[in-house]
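This briefing covers a metal site and a sheet. The sequence and the structure are shown first.

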Amino acid sequence: MKTDNVKCPECGAESRYRTTTNSGSGHGPMLLPELGRSFWKPIAKFQVVVCAECGLTRFYAEPDARLKLPTADGWLPI
Ligand SMILES: [Zn+2]
């Protein structure tokens, strides 16, 4: 994850913010299926980075979710 970069890759502004949010719910698509932490916590999380100047928004799967990619059902290497 390159959120440590100070400048926005789109406009070069230095005012970016980040938060953590769920990658889905029971009312919409699961964007990171099979990558949740456990049976009881099946929804993986995103770290979201937004540029306050131009609005460029990027989503990054959290490290726990990325570690599951090689063995999770439905995820194929490209
Ligand atoms: Zn920007």
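Four donors count as tetrahedral if all angles lie between 85 and 135 degrees. In this predicted model, the angles among the four donor atoms of the zinc ion run from 107 to 112°, so the site is tetrahedral. Ideal angles for four tetrahedral donors are 109.5 degrees.

**Zinc site**

- The zinc ion is held by the SG atoms of Cys-8, Cys-11, Cys-51 and Cys-54, at 2.3 to 2.4 Å.
- Along the sequence, the spacing of these donor residues is C-x2-C-x39-C-x2-C.
- Distant parts of the chain are linked by the pair Cys-11 and Cys-51, which lie 40 residues apart. Cys-11 belongs to the segment before S1, and Cys-51 to strand S2.

**Sheet**

- Three strands make up an open sheet, ordered S1-S2-S3, with antiparallel pairing.
- Strand S1 (16–22) and strand S3 (57–61) are the edge strands. Each has a single partner strand, so one side of each has no neighbour in the sheet.
- On average, neighbouring strands of the sheet are turned by 25° against each other, direction ignored.
- Seven bridges connect S1 with strand S2 (residues 45–51) in the antiparallel sense.
- Thr-20 has Gln-47 in S2 as its bridge partner.

Key:
Residues are numbered from 1 along each chain as its sequence is written. This is a predicted model: local features need pLDDT of at least 70, side-chain atom pairs count only at pLDDT 80 or more; totals for chains, interfaces and linings use all residues. Side-chain values use heavy atoms; hydrogens and water are left out. Two strands pair if DSSP finds at least two bridges between them. Helices (H or I, at least four residues) and strands (E, at least two) are DSSP runs, numbered from the N terminus. Axes are lines fitted to C-alpha atoms, for helices over the stretch in contact, and angles run from 0 to 180 degrees between N-to-C directions. Donors are N, O and S atoms within 2.8 Å of the metal (3.2 Å for Na, K and Ca); water is not among the atoms, so sites may look incomplete. Four donors count as tetrahedral if all angles lie between 85 and 135 degrees; four count as square planar and six as octahedral if opposite donors are over 155 degrees apart and all others between 65 and 115; anything else is irregular.
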